[in-house]
Amino acid sequence: MLRVRKLGIDTSQETVAFLSRHCAVYRAEEFIALARIEIAGRQRRIVATLNVVDDPAILGPDELGLSLLAFRQLDLPEGDSVEIAQAAAPASLDHVRAKIDGEELSAEAYRAIAEDLAAHRYSKMEIAAFLIASARFTTAPEVLSLTRAMAAVGSRLAWNGGMVVDKHCIGGVPGNRTSMIVVPIVAAHGLLIPKTSSRAITSPAGTADTMEVLARVDLGPDEMREVVAREKGCLVWGGHANLSPADDVLITVERPLSIDTPEQMVASILSKKLAAGSTHLLLDLPVGPTAKLRDRNRFVTLRKLFEYVSDQLGLQTMVVATDGSQPIGRGIGPWFEARDVMQVLEGDPAAPRDLAERAVFLAGHVLEFDPALRGGQGIARARALLESGAALQKMRAIMAAQGPPPAACAPGRLVQDVVSPRDGVVSAIDCLRLARIARLAGAPIDKGAGVDLFKKIGQPVDRGEPLYRIHAAFDADFRFAARLAAEGDGYAIAGRAAV
């Protein structure tokens, strides 16, 4: 038997174990590094990827080290005894091999794959093989099967019947934090909108990261229900709800490989909405030269796939196209985006008009789900709730119900203005470039890091005038972001037309 030791190593969604090369119980040579092993405790068995350790200062010969995720899954106190053995390949791997061969998989095959993904029985290499094979060939019925399978293996939220609305954006446009305005508008109207959001993985901020500047977001399912029962809405991190955990595992491999196919996107989003108990969904699909959807044809293809799967699931879905040609609002990064949101809700004259108008447009479409509201009145109703202060009052009530944020934050102290190299007019902004600069500056890990925009498309600019300001808290992050901006600031400046 080996003694369990928790190692402070975050391996994201992969369970990892560590065995000393000088192990006194098992011969390490029998366990190849990166092989999968089964770990048996008193009540649970888990599968983990093995790493072999040479340094005795890290791990003793009678110890089995566990990553944070593996330790949490095994649910044993440190020092407890476990046994290990070579792990058999998950049975569903035969289905993955069939997918690699170009076969169409059954609903039962996708259910088996989703169960093994959620149980962390796959290595990252096996997950990558499944994703790449699926990217080559996946039919619409297969997307439906995968969506149902991923929703079925996790937790499901129930809201005692009735209409449950939601709004989701596929992302790709920095600063597009409309959900934090839509939710209080819709909740103030009286519709139920329990919003679970993700944290950023490769972007400068997710809705949960930005909301955490204002309130606590790591609520459990019971706490979430209490907030929604009281306020009709919430803005929480979905990680504690365990919604579609198989999707969370896939995402950890999709993002580094930049795999973002329409099929995987639809299954990912709709499986979480199905598990969250949504009955009516508004989908925001930004279209722009540096957005995820580069042109109208790609929008139509994705829209039709969303509509097909939603119809089969019984989820009433409305899909809208929005402008993805430039960042929305002025801030990129949690603190800056939270500032923009509160300025809009408070009716501040300095509030970014594009963010306010986008939020009213989207909230109006959500309100159109209400059968008691006359057709075509949604946008007018949303605007009235925003301008009257009802949405602000509801947002403050939601923030109070969720609790205070874990820590106060402020803009990063290290700043650098990125200036225009010439006189002219802003003709284009590269969303991907600006998002990467903000990310290198430290966002979203440092909530006060990011980019503050001064100029948008169509605005005149003089040579030497600031286009945006980089904020960072750490010297290394600041240098990385400033260096990338110096290589290419992400702005296109056209000459001014002659008078």
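Buried residues have under 20% relative accessible area, exposed residues over 50%, and partly exposed residues lie in between. The structure shown is a predicted model.

View 1. Leaving aside neighbours within four places in sequence, the residues in contact with Val153 are Arg111, Ala114, Glu115, Ala118, Pro245 and Ala246. The C-alpha atoms of Val153 and Ser244 are separated by 6.8 Å, although these residues are 91 residues apart along the chain.

**View 2. Helix 4 (residues 124-136) and its covering elements.** Helix 4 comprises 13 residues and reaches 18 Å from its first C-alpha to its last, close to the 18 Å expected at 1.5 Å a residue. Within helix 4, the buried residues include Glu126, Ile127, Ala128, Phe130, Leu131, Ala133 and Ser134. Among the elements that cover the buried residues of helix 4 are helix 2 (93-100), helix 3 (107-118), helix 9 (245-257) and helix 10 (262-275).

**View 3. An open sheet of 3 strands in the order 7-10-11.** The pairing in this sheet is parallel. Strand 7 (165-169) and strand 11 (316-323) each have a single partner strand and stand at the edges, so one side of each is left without a neighbour in the sheet. On average, neighbouring strands of this sheet are turned by 20 degrees against each other, direction ignored.

**View 4. Pairing of strand 7 with strand 10 (residues 280-287), and the packing of helix 11.** Strands 7 and 10 pair in the parallel sense over 5 bridges; His280 in strand 10 is the bridge partner of Val165. Helix 11 (residues 296-313) packs on the sheet and touches strand 10 and strand 11. The direction of helix 11 makes about 165 degrees with that of strand 11.

Note on methods
Residues are numbered from 1 along each chain as its sequence is written. This is a predicted model: local features need pLDDT of at least 70, side-chain atom pairs count only at pLDDT 80 or more; totals for chains, interfaces and linings use all residues. Side-chain values use heavy atoms; hydrogens and water are left out. Helices (H or I, at least four residues) and strands (E, at least two) are DSSP runs, numbered from the N terminus. The expected span of a helix is 1.5 Å times one less than its number of residues. Buried means under 20% relative accessible area, exposed over 50%, partly exposed in between (1.4 Å probe, protein chains only). Contact means heavy atoms within 4.5 Å. Two strands pair if DSSP finds at least two bridges between them. Axes are lines fitted to C-alpha atoms, for helices over the stretch in contact, and angles run from 0 to 180 degrees between N-to-C directions.
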